[in-house]
Amino acid sequence: MITASPVSRLSPPAADWRELWRDAITNAAELLQAAGLGHRADLLPADDAGFALRVPRGFAARMRQGDPTDPLLLQVLPQAAEHHQAEGFTTDAVGDLASKAGQGVLHKYSGRALLVASGSCAINCRYCFRRHFPYGDEIAAAGQWRKALDHVRMDSTITELILSGGDPLSLATAKLEELTQGLKDIPHVVRLRIHTRLPVVLPERVDRALMDWMTQLPLQKVVVLHANHANEFDASVDEACARLREAGCTLLNQSVLLRGVNDNADALATLSERMFAAGVLPYYLHQLDRVQGAAHFEVDDTRALALVDELRQRLPGYLVPKLVREVGGEASKRPL
């Protein structure tokens, strides 16, 4: 049986998340050294393919020492394969630019609007579908969120606001408070959904100030985490999840099916069990968004369907994520 690590519920993080953010590993050779692979310079490409490396030290500490196939390392280490121009892979894999509806607003699906809250992440995942996104022009938080909220205010069909990025929790809590102050005169928005990787890769972000903000929100709160492998969870992540639940958040997780990382039934089943032990329900298992530079992570649909079928045989239904693909222009994620 998989259980969460013991946690001291609601105890404050040991360090300020902003200091840990600034202290992230940004050099590939240093990352290899941290992973016990300092002698393996042969693993590195000549450059980072235009996508900078960033890895919190706490996340790097969860990597298996001396293992070049470690599933956490593979998600963040630049590879020569990123330079390959694969057919069908583009810089806008899910049609974000065609769905722009205001400054930093993407309006793809009925009843929901997504705000690109920030262009920053605590960790740069090499398969990121927005690795080419023009964040400089499309940040919803600019100007105290006014232009983004104007679009939401004018469309009474929007009942759920989704914060994405980058990572919305990269913003200072005071900046997030600006947003929810602006929502007070928009009664048709009843639910706030936050898509974030920070509670997993930098769990210290879930500090007292963030909890106070979330606790006081009059909206329904859903936090969708992003973890791809059970080894991403440790006691610090368990505690961050406990804090979020205590603040009234429903916790879900979405993963990406990644070759060499989690493309086997054992890894996916263990991930679902480990998440549930931390109070998180599986939500989506995404087929890879076909973004330029990430083709080496792709798993074909036949293999993906076989993996999910095996999960259904091994796990209760609530621990089996929905296998989906996002296709630009469609009215919802496409079930596979």
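Trainee: Why is Asp266 called partly exposed?

Mentor: Its relative accessible area is 47%. Buried means under 20% relative accessible area, exposed over 50%, and partly exposed in between (1.4 Å probe, protein chains only). The value for Asp266 is 47%, so Asp266 is partly exposed. Please bear in mind that this is a predicted model, in which local features need pLDDT of at least 70 and side-chain atom pairs count only at pLDDT 80 or more, while totals for chains, interfaces and linings use all residues. Residues are numbered from 1 along each chain as its sequence is written, and side-chain values use heavy atoms, with hydrogens and water left out.

Trainee: What makes the pair Arg314 and Asp266 a salt bridge?

Mentor: The N to O distance between their side chains is 2.8 Å. A salt bridge is a side-chain nitrogen of Lys or Arg within 4 Å of a carboxyl oxygen of Asp or Glu, so the pair qualifies at 2.8 Å. Arg314 lies in helix α11 (residues 301-314) and Asp266 in helix α10, so the bridge ties together parts that are 48 residues apart in sequence. Helices (H or I, at least four residues) and strands (E, at least two) are DSSP runs, numbered from the N terminus. Arg314, at 41% relative accessibility, counts as partly exposed.

Trainee: How many salt bridges does the structure hold, and which parts does the bridge between Glu232 and Arg197 tie together?

Mentor: There are 26 salt bridges. In the one between Glu232 and Arg197, the closest N and O atoms are 2.7 Å apart. Glu232 is in the loop between β6 and α9 and Arg197 in the loop between β5 and α7 (198-201), so parts 35 residues apart in sequence are tied together. Both Glu232 and Arg197 are buried.

Trainee: What makes Arg205 and Asp207 a salt bridge?

Mentor: Their closest N and O atoms are 3.6 Å apart; the limit is 4 Å, so the pair is a salt bridge. Arg205 and Asp207 are both buried.

Trainee: Why is Val224 called buried, and which residues does Val224 touch?

Mentor: Val224 has 1% relative accessibility, so it falls under the 20% limit and counts as buried. Val224 is placed in strand β6 (residues 220-225). Contact means heavy atoms within 4.5 Å. Not counting residues up to four places away in sequence, Val224 touches Arg193, Ile194, His195, Thr196, Leu252, Asn253, Gln254 and Tyr283.

Trainee: How do you know that the buried residues of α8 are on the same side of the helix?

Mentor: In helix α8 (residues 208-216), the buried residues are Leu210, Met211, Trp213 and Met214. They cover an arc of only 160 degrees around the axis, which puts them on the same side of α8; the arc is that of the directions from the helix axis to the C-beta atoms. They pack against α6 (173-182), β5 (191-195), β6, α9 (235-246) and β7 (249-256).

Trainee: Which residues of α6 are buried, and what covers them?

Mentor: The buried residues are Thr173, Leu176, Leu179, Thr180 and Gly182. Their cover includes β3 (112-118), α5 (146-154), β4 (160-165), β5 and α8.

Trainee: Which residues have the most contacts inside the largest nonpolar core?

Mentor: A nonpolar core is a set of buried Ala, Val, Leu, Ile, Met, Phe, Trp, Tyr and Cys residues joined through side-chain atoms within 4.5 Å. The largest has 80 residues, and those with the most contacts inside it are Leu31, Val55, Met63, Leu115, Trp145, Leu161 and Met214. A second, separate core of 14 residues includes Ala265, Leu268, Val308 and Leu315.

Trainee: Why does Trp145 count as buried?

Mentor: Its relative accessibility is 0%, and the limit is 20%, so Trp145 counts as buried. Trp145 is in the loop between β3 and α5 and has a positive phi of about 70 degrees although it is not a glycine.

Trainee: Where does Ala49 lie, and why is Ala49 called partly exposed?

Mentor: Ala49 is in the loop between α2 (28-34) and α3 (57-60). With a relative accessible area of 24%, Ala49 falls between the limits of 20% and 50%, so it is partly exposed. Ala49 too is not a glycine, yet has a positive phi, of about 60 degrees.
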